[in-house]
Amino acid sequence: MIYERSTDVLHGEVFVELIGFEPGFRTHLKLEGLNPAGSIKLKTARGLLDSAERAGLAGADTRLIESTSGNLGIALASLCAIKGYDITLVTDPNANPRSVRYMKALGADVVIVRERDDNGGYLRTRIDYIRRRLARDPSLHWLNQYANPANARAHSEGTAQEILRGFGTPDWLFVGVGTSGTLTGCVEHFRQARALTKIVAVDTEGSVTFGGAAGVRRIPGLGTSRRPEIFQDSGDFRKMLVPEPETIRTCRRVARDHGLLVGGSTGTVLAAVRAARDLIPAGSRVLAISPDMGDRYLDTVYDDEWVISRYGPGALHEEAELRGRTPELPELLVRP
């Protein structure tokens, strides 16, 4: 098949079974990192830009700005290069160095803020920077993935439909939560389809989205230091938190046992699958959304020195057993 643009290559219906990942039920991944932008954020970027264009807020004379931890920035930079749009991407020291270089190579102006916000993260700092830029320059348009309904709509009309069309109705669906666009879109579409799927929202420990205490996070992708406006705690899903060392152990286990290098968000979501195993009936079909692949994490999650310097040698012990605390409750905390 010949595509007109690289960003038209989405490959949204690719699923792989991780045979033997957990006994008793079948675990599958929806691989979202097989497009030229390398992540599920290509859908988000397309949705945000399409919405801005329809509203007359994006064009040849418009300059765009957005906050990103990496993947959305790469996707937006790719699309803006094709469309000829000027874009500034605001990120922070947690962004993978390869992702920063990628954004710059695609022609984006990349700003790295370095001051932590009151919750120990960088998100509020990134947004404060954007607000200052907007106040100085009214011609600048903020796409605002955190509050823009186009974010969730991209996944209701894209990701969720791809699951039901290409995989069928899973018994359990595990979705990582960053801006919550993927989660919100999937919950909305599965509810409209009257699917009986149990949806589990997975976040990283130290994120405030679920109302927990803020903490330092080092792996980009999931988690926020400021609750996104589009996040709706509707009661239609369970919630789980995963500490970052479990993310690292799980990423490395998948690489070792399944020959698949997955990104940090995927490791987090699969760690939640392991922790919830006592809740999942035998024979269930479990699907986890894998937002990106692991090549952008070679200098972090898969680098022994980086891991030990930040988490200690225990984070490399892939044999650690996980358990869910208070599994009868809708909110679980994964602990080693």
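Modeller: Element names first: helices (H or I, at least four residues) and strands (E, at least two) are DSSP runs, numbered from the N terminus. The model is predicted, so local features need pLDDT of at least 70 and side-chain atom pairs count only at pLDDT 80 or more, while totals for chains, interfaces and linings use all residues. Residues are numbered from 1 along each chain as its sequence is written, and side-chain values use heavy atoms, with hydrogens and water left out.

Now the spaces. The search runs on a 1 Å grid over the protein atoms alone. A cavity is a set of points where a 1.4 Å probe fits but cannot get out; a pocket is an open set with protein on both sides within 12 Å along at least five of seven lines. Lining residues have an atom within 4 Å of a point. Points are joined across faces, edges and corners, and a volume is the space filled by probe spheres set on them.

Start with the largest pocket. Its space is about 210 Å³. Helix H1 (41–54) and helix H5 (149–166) each supply at least two lining residues. H5 gives the most, with six. Among the lining residues are Leu10, Arg46, Asp50, Arg153 and Glu157. For classes, Ala, Val, Leu, Ile, Met, Phe, Trp, Tyr, Cys and Pro count as nonpolar, Asp, Glu, Lys and Arg as charged, and the others, Gly among them, as polar. The pocket lining divides into seven charged, three nonpolar and two polar residues.

Two or more lining residues come from each of H1, helix H2 (71–83), helix H4 (123–136), S7 and helix H6 (181–192). H6 has the largest share, three residues. By class, 24 are polar, 14 nonpolar and six charged.

The second largest cavity has a volume of about 50 Å³. Pro220 and Leu222 are among its lining residues, as are Glu244 and Thr268. Helix H7 (244–258) and helix H8 (264–275) each supply at least two residues. H8 has the largest share, three. Five of the lining residues are polar, three nonpolar and one charged.

S7 leads on to the strands. Two strands pair if DSSP finds at least two bridges between them. S7 (residues 172–176) runs parallel to S10, joined by three bridges. Leucine 173 stands opposite leucine 287 there. Strand S2 (residues 26–31) is also parallel to S10, with six bridges. Leucine 31 faces serine 290 in that pairing. Buried means under 20% relative accessible area, exposed over 50%, partly exposed in between (1.4 Å probe, protein chains only). Five of the six residues of S10 (residues 285–290) are buried, so S10 is largely enclosed by the rest of the structure.

Last, the rings. Rings of Phe, Tyr and Trp (its six-membered ring) pair if their centres lie within 6.5 Å; planes under 30 degrees apart are stacked, over 60 edge-to-face, the rest tilted. The whole structure has five aromatic pairs. In one, phenylalanine 15 and phenylalanine 167 have ring centres 5.4 Å apart and planes at 45 degrees, so the pair is tilted. Phenylalanine 15 sits in strand S1 (residues 15–17), phenylalanine 167 in the loop between H5 and S7, 152 residues apart. Phenylalanine 167 is buried at 11% relative accessible area; phenylalanine 15 is partly exposed at 22%.
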